[in-house]
Amino acid sequence: MQQVQKDFLEIIDANKRIIFKICNSYCRNAVDREDLAQEIIFQLWKSWDRYDSNFKLSTWMYRIALNVAISFYRKEGKSTETVLMGDQLIEVAEEKLEEGLEKNLSALQQFINELKPLDKALIILYLEEKSHKEIADIMGITTTNVATKVGRIKDQLKQRFSKQD
Amino acid sequence: MENLEIINLWKQYDEKLEKSLSLNKKILVELQQQKAKKALKPARNYKWIAVFVGLAYIALIAYFLYHLSSFASIFINVSVAIHLVVTIIAVGMYIRQLVLINEIDRSEDILQMQQKMAKLQSSTLKVIAVCFLQFPVFATWNINFELIDKRPLAFWFIQIPIVALLTYVGIWFYKNINLKNINKRWFRMMFYGAEWNAILKSGKFIDEIKEFEKG
């Protein structure tokens with residue numbers, strides 16, 4: 001295996017949680033999640049030789065992963081042409097948080113699932129603690145706009161949790 | 001629940017995933033080597049099929065035009081030529097769309113890339129609109145000088161009004177088949193079905209992007 005392939009595999013391994021979280025936020029069922037995960041990694045690999053190291057790797061990665069996820073979501077989960085049949089790309093072992101946290105997490109995921117595709121991207125980036133500047137770079141909007149939108153979504157989120165309490 | 005608690009919840013989710021997720025290296029390597037192609041799900045190549053069928057049709061029309069031109073009437077020749085030109089333009093637009101789709105850069109910012117994709121998708125409507133420009137040829141190919149000389153009333157009061165009507169209808173559709181009319185009844189009746197739904201949704205998504213951009 002060439003070094004470039006190894007480097008890429010390492011980066012994917014280090015960022016597999018991000019890919020999984022994006023897939024989980026844009027797809028409701030496991031088959032679609034698997035298709036989307038493969039498509040994201042395939043597109044990342046296709047663009048890998050064009051990656052300019054002067055830019056932040058995370059910005060590049062989020063842009064591709066979210067662009068692929070939004071396009072996939074708009075096609076309503078129709079599988080793409082790069083999907084391999086058979087084994088699972090991302091294997092998930094049974095792991096539970098404590099009951100209260102699990103309940104809150106499920107409510108948070110439900111909330112994200114109900115958002116429009118662009119708002120989903122925004123809230124994921126916010127939860128990943130990206131700066132407003134980086135969110136603006138990834139989304140292609142101004143930092144002021146990011147602040148307004150994040151504030152609005154946070155208010156909705158608080159309301160959701162206060163109803164739940 | 002406060003902001004900090006929500007962020008912490010997300011972090012705990014991240015920690016949970018750190019323990020529970022593993023990547024199947026075999027599939028990763030296959031994706032890299034594009035061995036995938038052998039095990040692909042049926043490729044979505046309808047668009048390329050449409051282009052090949054379109055090109056074959058153009059070749060056929062051109063062949064007939066070339067061989068018929070010497071003995072067919074000027075009206076048939078001009079009608080077939082107009083049909084040929086419009087078909088070439090439509091197939092050309094379709095090929096251009098496919099080239100642009102292949103050139104899409106997914107590492108562009110999300111709004112820019114999604115806007116391009118949605119616009120490309122909705123541009124299929126433009127191809128349909130262009131095809132309507134050939135409407136009048138369906139009433140011009142059968143005109144001949146005998147009709148004009150021997151039955152001038154039929155020519156001036158039946159044939160010409162039909163040509164004029166079809167020209168008007170063709171231009172009207174050319175101008176009106178666009179996303180601005182997406183909610184009109186005639187438009188919905190005309191573009192009905194799964195394939196069109198995706199294109200019509202892209203129009204709504206363009207509006208959603210504009211809304212998102214405004215803040």
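Predicted model: local features only at pLDDT ≥ 70, side-chain atom pairs only at ≥ 80, totals over all residues.
I looked up A:K21 and A:E128 and found their side chains joined in a salt bridge (2.6 Å, N to O). For me, a salt bridge is a side-chain nitrogen of Lys or Arg within 4 Å of a carboxyl oxygen of Asp or Glu. This pair ties together distant parts of the chain, 107 residues apart: A:K21 sits in helix α2 (residues 16-26) of chain A, and A:E128 in the loop between α6 (117-127) and α7 (132-139). Helices here are DSSP runs (H or I, at least four residues), numbered from the N terminus.

Residues are numbered from 1 along each chain, chains are lettered from A and ligands numbered from 1, both in the order written, and side-chain values use heavy atoms, leaving out hydrogens and water.

Next I checked A:K21 again, and its side chain also meets B:D14 in a salt bridge (2.4 Å, N to O). That one crosses between chains, reaching helix α1 (residues 3-20) of chain B. Both A:K21 and B:D14 are buried (under 20% relative accessible area, 1.4 Å probe, protein chains only; exposed is over 50%, partly exposed in between). A:E128 is buried too.

Last, I looked at A:D137, which forms a salt bridge with A:K133 at 3.1 Å. Both lie in helix α7 of chain A, 4 residues apart, about one turn of the helix. A:D137 counts as partly exposed because its relative accessibility is 33%.

Definitions and conventions. Helix = DSSP H or I, 4+ residues; strand = E, 2+ residues; numbered from the N terminus.
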